[in-house]
Amino acid sequence: MPKHSIPWRRKSNRFLPNKHIISHNVQIRKQEKNMCVANAITAMNEIKCGCKLKVDDLYTKNMNQAGERLFVIVDKMKNKGQRIMSESTTTSSSTSSNKDIRLQFNAKPLNKPYVNNIKKALANNKSVVVTIKTYNHENILQRYRDVNGKKIKMKQRPHAICIYGYHDNVEDKNIHPMEKGYFYFINSHGKEWIQDGFGFLTYEYAEKCIEEGVVSM
């Protein structure tokens with residue numbers, strides 16, 4: 001069951017706990033090049049269904065060259081679903097017994113203000129995927145399609161992560177000095193990254209650097 005702590009407080013016409021973490025058993029993956037969106041969306045779907053899913057169902061042809069964006073992968077997820085991965089399958093192959101077993105998922109756009117709306121979604125046990133500017137990508141330009149998958153444009157490359165919890169009123173100032181709070185997120189850089197593949201994202205950085213996002217439905 002999801003965990004949260006009290007007291008509750010009034011926030012944007014909603015009562016939210018000071019801390020809320022969605023329980024999950026998500027597999028930490030190490031992504032291939034430019035596949036962070038597919039991995040983040042897969043983590044969001046795994047939180048929803050509690051099953052291990054085939055992440056390569058969300059890979060798209062020529063993604064390394066075209067760099068499809070978040071909503072292109074979301075559309076593919078909604079239209080085709082994702083296969084359940086049994087113990088006998090790997091990420092590169094599937095057996096005839098389960099290759100057609102697909103679960104359908106949906107997601108809606110994340111609206112501004114990002115921090116408040118992410119917290120509202122999480123408090124309702126809805127995980128969130130965002131694309132966010134990162135410190136080591138600031139000088140890297142890449143080709144991206146627009147939301148409709150048509151117009152190609154150049155922009156700084158963001159990174160996609162799956163957010164599954166938040167924490168207000170941070171007490172451990174050694175972790176986040178002077179910060180109001182942070183989000184918990186699942187990354188796709190392998191278990192050796194930070195804390196076994198998980199990380200923290202401060203509210204200030206999220207509000208400043210999130211480019212777009214979707215909320216699980």
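**Entry: core**

I started with the largest nonpolar core, which holds 54 residues. Ile-41, Ile-118, Ile-163, Phe-183, Ile-186 and Val-214 touch the most other members. I keep in mind that the model is predicted. As background, I noted that nonpolar side chains tend to be buried together in soluble globular proteins.

I took Phe-183 from that group and listed its contacts, leaving aside neighbours within four places in sequence. Ile-118 and Ile-163 are among them.

**Entry: Lys-119**

Asp-168 forms a salt bridge with Lys-119, and the closest N and O atoms are 3.1 Å apart. Asp-168 lies in strand E9 and Lys-119 in helix H4, so the bridge ties together parts 49 residues apart in sequence. Are the two partners buried or exposed? Asp-168 has a relative accessible area of 4%, so I class Asp-168 as buried. Lys-119 is at 3% and counts as buried too.

**Entry: other salt bridges**

I counted six salt bridges. Next I checked Glu-192, which forms one with Lys-30 at 2.7 Å between the closest N and O atoms. The partners sit 162 residues apart. Glu-192 is in the loop between strands E10 and E11, and Lys-30 is in the loop between strand E2 and H1. Glu-192 is exposed because its relative accessible area, 54%, is over the 50% cut-off. Lys-30, at 60%, counts as exposed as well.

Asp-57 and Arg-83 meet in a salt bridge at 2.4 Å, N to O. Asp-57 lies in the loop between H1 and H2, whereas Arg-83 is in strand E3, 26 residues apart. Asp-57 and Arg-83 are both buried.

**Entry: Val-55**

I went back to the loop between H1 and H2, where Val-55 also lies. Val-55 is buried because its relative accessible area, 6%, is under 20%. What does Val-55 contact beyond its neighbours within four places in sequence? I found Arg-29, Ala-38, Asn-39, Thr-42 and Gln-82. The C-alpha atoms of Val-55 and Gln-82 are separated by 7.8 Å. Along the chain, Val-55 and Gln-82 are 27 residues apart.

Key: Residues numbered from 1 in each chain as written. Predicted model: local features only at pLDDT ≥ 70, side-chain atom pairs only at ≥ 80, totals over all residues. Heavy atoms only, no water. Helix = DSSP H or I, 4+ residues; strand = E, 2+ residues; numbered from the N terminus. Buried < 20%, exposed > 50% of the residue type's maximum accessible area, 1.4 Å probe, protein only. Contact = heavy atoms within 4.5 Å. Core = buried A, V, L, I, M, F, W, Y, C linked by side-chain atoms within 4.5 Å. Salt bridge = Lys/Arg side-chain N within 4 Å of Asp/Glu carboxyl O.
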